[in-house]
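Colleague: I would like to learn how to read a structural model feature by feature. Could you take me through it, giving the general idea and then the case at hand?

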Amino acid sequence: MKTSLLQYILHLADNSFIHGHRLSEWCGHGPELEVDMALSNIALDNIGAARSFYQYAAELEGNGKTEDSYPYLRDVRAFRNVLLLELPKGNFAETIARSFFFDAYQQLFYKALMNSSDKQLAAIAEKSLKEITYHLRFSSEWVIRLGDGTVESKQKMQEAILKYWDYTGELFSASEIELDMQNNKIAPDIASLKPSWEKIVSDTLEEATLSYPLRADGAWFQSGGKKGLHTEHLGFILTEVQYLQKSYPGCEW
Amino acid sequence: MKSTEDILTILENVCDPEVPVLTIQDLGIVRDVRVISEKEVEVIITPTYSGCPAMNTISMNIKFELLAHGFEQVIVTEILSPAWTTDWMRESGKQKLKAYGITPPQYNTVANPRESEAVIPCPVCNSTHTTLLSQFGSTACKALYKCKDCLEPFDYFKCH
């Protein structure tokens, strides 16, 4: 039970951490100053949430672990984030598409996690939900602005929606750890969040005059991140993130 | 032995490092104080936003302030629930914010949760003829607006 809980917390932490890191890559490169600040703010909120989860994991595991042990000292196969979040940040429309899918999911997920029997997870969810509301407003407004914009912005936004669609199924497909946590009333039933998520996505795409990706029932989706089976991209993120700790172990500044 | 009230009075000297006109009590982030002994005290605080980089500095400043007042052991504990809200800000703090050039939160989040419909006045000329530039300002807690009358760009401390 304790091992499962620890793995579950790390899965949530890794999602926020990897998403926050990818967004932080826009810092200084945003298409305009306000967007640059917005993406950096959202990156910071995600990394803040990741810290809360990592701190809780460290407290639970003991053994001299700290919040830094998990992002800096684990290898690729130990990470449990979903694949969607580790893909390269791509162009602005691609970052917006990925963020929109994840923000819509996170809002529903945190609302449900607030009812967790685990008090600390419920507290982190309550805190993060307020922030996610801003994130979803930002990403969905940009989906609409780009979709209902110029011929070029519409095309880029539509391509981005299609490009990441195959990665959205993993959000709702529970791993063994998640099912175990769900049975213990710690985790919500994520599969049950999918209809509400589809509603948010289809309403937004409609307003953006974009097409909703039509898929047959039971269509295949990319997955693996929740089991530690990642794309090659995660390795590159960790090479950058962990450079200092690998070159100068235990370094502090 | 010092009382809880004594500690709260001492903490009036600790300011927010990002918005130094506000004390941490104006912001409402001090949630509780526990005097353990003559030399030992615990202060319970809550962050404004999860990633707020000011929290470490605030913790450190609380420690310095209480150590300077004779305590030897100061524990600063961070809690997340109940989640911080601008509803906990003091009225006097809001007035200090405005004088500093930042429009304070305009609504109570419980009574009026639909901030997107709120009118945000300019802190300089009080005009309500303003426009949102970005939901995300120079820090997580602020949004960026512009006054269409006096043309001043300004920060708004958003309801949260």
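Colleague: How many bridges join β1(B) to strand β2 of chain B, and how do the two run?

Modeller: Two strands pair if DSSP finds at least two bridges between them, and helices (H or I, at least four residues) and strands (E, at least two) are themselves DSSP runs, numbered from the N terminus. In this predicted model, five bridges join β1(B) to β2(B) (residues 40-45), and the two run antiparallel. Within that pairing, Val30(B) has Ile45(B) of β2(B) as its bridge partner.

Modeller: As to conventions, residues are numbered from 1 along each chain as its sequence is written, while chains are lettered from A and ligands numbered from 1 in the order in which they are written. Since the model is predicted, local features need pLDDT of at least 70 and side-chain atom pairs count only at pLDDT 80 or more, whereas totals for chains, interfaces and linings use all residues.

Colleague: Which strands form the open sheet, and in what order?

Modeller: The open sheet has three strands in the order β1-β2-β3 (chain B), with mixed pairing. Its edge strands are β1 (30-35) and β3 (73-78) of chain B, each of which pairs on one side only. From one strand to the next the twist averages 15°, where axes are lines fitted to C-alpha atoms (for helices over the stretch in contact) and angles run from 0 to 180 degrees between N-to-C directions.

Colleague: Which helix packs on the sheet and touches β1 and β2 of chain B?

Modeller: Helix α1 of chain B (residues 4-11) does so, and its direction makes about 130° with that of β1(B); contact here requires the C-beta atoms of two residues, placed from the backbone, to lie within 7 Å. Helix α3 of chain B (residues 55-68) lies across β2 and β3 of chain B, running at about 155° to β3(B).

Colleague: Which residues of α1(B) are buried?

Modeller: A residue is buried if 20 or more other C-beta atoms lie within 10 Å of its own, exposed if 12 or fewer, and partly exposed in between, with C-beta atoms placed from the backbone. In α1(B) the buried residues are Ile7(B), Ile10(B) and Leu11(B). Seen down the axis of α1(B), they fall within an arc of 100°, so they line one face of the helix; that arc is taken from the directions from the helix axis to the C-beta atoms. The cover over these buried residues includes α2 (24-27), β1, β2 and α3 of chain B.

Colleague: Why is strand β7 of chain B described as largely enclosed?

Modeller: Four of the five residues of β7(B) (residues 153-157) are buried, so the strand is largely enclosed by the rest of the structure. Strand β6 of chain B (residues 142-147) pairs with β7(B) in the antiparallel sense over five bridges, whereas two bridges join β4(B) (residues 102-103) to β7(B), and these run parallel.

Colleague: How are two packed helices described?

Modeller: They are described by the angle between their axes and the distance between the axes. Helices α2(A) (residues 33-61) and α6(A) (residues 119-147) pack at an angle of about 170°, with their axes 11 Å apart. They are therefore roughly antiparallel to each other, the convention being that angles under 35 degrees count as roughly parallel, over 145 as roughly antiparallel, 65 to 115 as roughly perpendicular and the rest as oblique.

Colleague: What average pLDDT does chain B have?

Modeller: With pLDDT being the predictor's confidence in each residue, from 0 to 100, chain B averages 92, and 96% of the residues score at least 70.
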